[in-house]
Amino acid sequence: MLPEPVRTRVVTLVAAAMSEVPVDELPPPLRKVAKFAPHRRARLGGAMIAAQLTTDVLFRQRVAAQAGSEAGELGTAVAQGSSPAAADPVEVAALAYLLRPAGWRELIEAAERALSAEADRLAVADQVHQAEARAAQAEHDRTVARVEVDKLRAELTRVRDELGAIREQHRATLRELRDTQASERRAQQLYATEKGRANRATADHEAELRRLRAKLAETEQAVGQARSTAREARSYDEARLWLLLETIGQAAVGLRRELALDPAEVLPGDVVADQYAQRPEQAARQPARAMAEDDPARLDQLLALPRVHLVVDGYNVTKRGYGELDLEQQRQRLARGLSGLAAQTGAEVTVAFDGSDRLPSLPTPPRGVRVLFSSKGETADELIRRLVRAEPNGRPVVVVSSDREVADGVRRAGAYPLPADALLRRLASR
C-alpha cells in the first residue's frame, strides 16, 4: 500500500510518460485517457492508471523506463538501488515503485518514514506556533488587564470623589428640607387664615348671586309680557293686512267685470317655460338653508287670492319631505300632490327643478302643474327668480322654498316666500 503522496506522484509520472508510448502499446482501458493532456490524464484517469500498473507488468516497465529517463541522474541512481541524500523522498519512492530495483520496498519504506517524520515535524512546528500564539495572546491579555486595572483605579478614585460630593449635597439637601418644612408650616397657617377670608367672601358672593337671580326672574317675566304684547300687536296687524288684501281682491273682481277683460290665453310663467321646453340641462344645485316651520293655513290664505301663481323650489321641498326616495320618485310624488292642490284651489302652479341632462326624456307633467328644468349654467333658484320677475306688478306670487337666499330675493321682487314645511304639511293634510 503506497502512501498517498507517493501514489499521486506515481500517477503523475505515468501520465507524463504515456505521451512517449505509442497508443497501440498502451493497455486498451488507457487508450482513451491517452488522448487527454498529461494533467487531465492524472486527474481523470488516475484510478485506471494505478490499476494497470498493478496488473500489467509490461505497461509498468515501458512507462518506468520513460519516467526514469526523464528523471535524469535521480532516475539512474534509483535504478541502481540507491537514494541521493538531498533527493525528495516522495520522488525517490515513486521512481523506485516504477523501476523496481533491488531493495525498492526499502526505498518506499524510507520515503514513508521520511514523510511521517516530516508530518511529525510540521505537527510539532504547528504546536509550537500555537503555543507562541497563546503566549503572545496571554501577554496581550495581561497588558490589557493592567490597563483595565489602571482604569478601574482611576474610576474608583473618581467614584470616591463623587461620593464625597454626593454626601455633601445630601447634607445641604437635608438643611433645605428642614427649611422647606418650616416654610410649609408657615404657609399652612397663612392658608388657614386665607381660607376663612375666602369662606366669608363666598358667602357674600352667594348672597349677591341670589339677588341677581331674583332680578333675572323679574326681567324674564317682563320680557315674556313684552313678547305677549308683541304677538297681540302682530295678530292685529295681520288681521288688518288680510282685510286689506280681501278688499283689494274684491275691487279687482269688480274692475275686471267693469272692463269685461277676457281670460288670458298665455300666462307669464308660460313665456319663461317656453325657453326650457326643448333643452333640459343640469346645473349645480346649491344647498338649502332651513327656515322655521310655518302654519299651512297661511298657504291656504295666499292661494285664495285671485289669479295667484304658486312657484315651488322642487328639490328643496322633496329632499326635506321624502329625501329617502330617488330623484325621479321625488319629482313624481311632488307633482301629484301639486296637481291635487291646483285642482282644489284653482291656482297656477309651477315647479322648478335643477337641470335634467341625466333624464332620457322629459316626463309628462300632471294636469294643472307646469314642470320646468333649469338650463345648463343656471340653477333652479335663478329660474324661480326669472319666473317672479316675469309676473306683472300687483299679481300675487307665492314662492315655496326654505333656501334663505331664494326667499330674500323673491321677497324683494314682490313675491310671498313660504318655507317648504308649510307646503309639505299642507299636502300631508289632504
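## Close-up views of a predicted model

**View 1. Helices α13 and α14 pack side by side.** Helix α13 (residues 380–390) and helix α14 (residues 404–412) pack at an angle of about 15°, with their axes 10 Å apart, which makes α13 roughly parallel to α14 (angles under 35 degrees count as roughly parallel, over 145 as roughly antiparallel, 65 to 115 as roughly perpendicular and the rest as oblique). Axes are lines fitted to C-alpha atoms, for helices over the stretch in contact, and angles run from 0 to 180 degrees between N-to-C directions. Asp-381, Ile-384, Arg-385 and Val-388 of α13 meet Glu-405, Val-406 and Val-410 of α14, where contact means heavy atoms within 4.5 Å. This is a predicted model, in which local features need pLDDT of at least 70 and side-chain atom pairs count only at pLDDT 80 or more, while totals for chains, interfaces and linings use all residues. Residues are numbered from 1 along each chain as its sequence is written, and side-chain values use heavy atoms, with hydrogens and water left out.

**View 2. The whole chain, for orientation.** The chain has 15 helices and five strands; helices (H or I, at least four residues) and strands (E, at least two) are DSSP runs, numbered from the N terminus. Of the 430 residues in the chain, 31% are buried (buried means under 20% relative accessible area, exposed over 50%, partly exposed in between, with a 1.4 Å probe and protein chains only). The chain exposes about 27700 Å², of which carbon and sulfur atoms supply 53%; accessible areas come from the Shrake-Rupley method with a 1.4 Å probe. Among contacts between residues at least 6 apart in sequence, 66% join residues at least 24 apart.

**View 3. The five strands form an open parallel sheet.** The strand order is β3-β2-β1-β4-β5, and the pairing is parallel, two strands being paired if DSSP finds at least two bridges between them. β3 and β5 (416–418) stand at the edges, each with a single partner strand, so one side of each is left without a neighbour in the sheet. Neighbouring strands of this sheet are turned by 20° against each other on average, direction ignored. Helix α12 packs on the sheet and touches β1, β2 and β3, its direction making about 165° with that of β2. Helix α14 also packs on the sheet, where it touches β1, β4 and β5, and its direction makes about 160° with that of β5.

**View 4. Strand β2 pairs with β1 and with β3.** Strand β1 (residues 309–313) pairs with β2 in the parallel sense over five bridges, and five bridges also join β2 (residues 348–353) to β3, again running parallel. Ala-352 of β2 stands opposite Asp-313, and its bridge partner in β3 is Leu-372; Phe-353 stands opposite Phe-373 in β3. In a regular strand the side chains alternate between the two faces of the sheet. Glu-348, Thr-350 and Ala-352 point one way from β2, whereas Val-349, Val-351 and Phe-353 point the other way, and all are buried. Six of the six residues of β2 are buried, so this strand is largely enclosed by the rest of the structure. Four of the five residues of β3 (residues 369–373) are buried, so β3 is likewise largely enclosed by the rest of the structure.

**View 5. Helix α11 and its packing partners.** In helix α11 (residues 314–322), the residues Gly-314, Tyr-315, Asn-316, Val-317, Thr-318 and Tyr-322 are buried. The buried residues of α11 pack against β1, α12 (327–345), β2, β4 (397–400) and α15 (420–428).

View 6. Arg-307 is found in the loop between α10 (296–303) and β1, and its phi is near 55°, a positive value in a residue other than glycine. With a relative accessible area of 47%, Arg-307 is partly exposed. Pro-84 has its place in the loop between α6 (73–79) and α7 (89–99), and at 34% relative accessibility Pro-84 counts as partly exposed. Leaving aside its neighbours within four places in sequence, Pro-84 is in contact with Leu-74 and Ala-77; Pro-84 and Leu-74 are ten residues apart in sequence and 7.5 Å apart in space, C-alpha to C-alpha.
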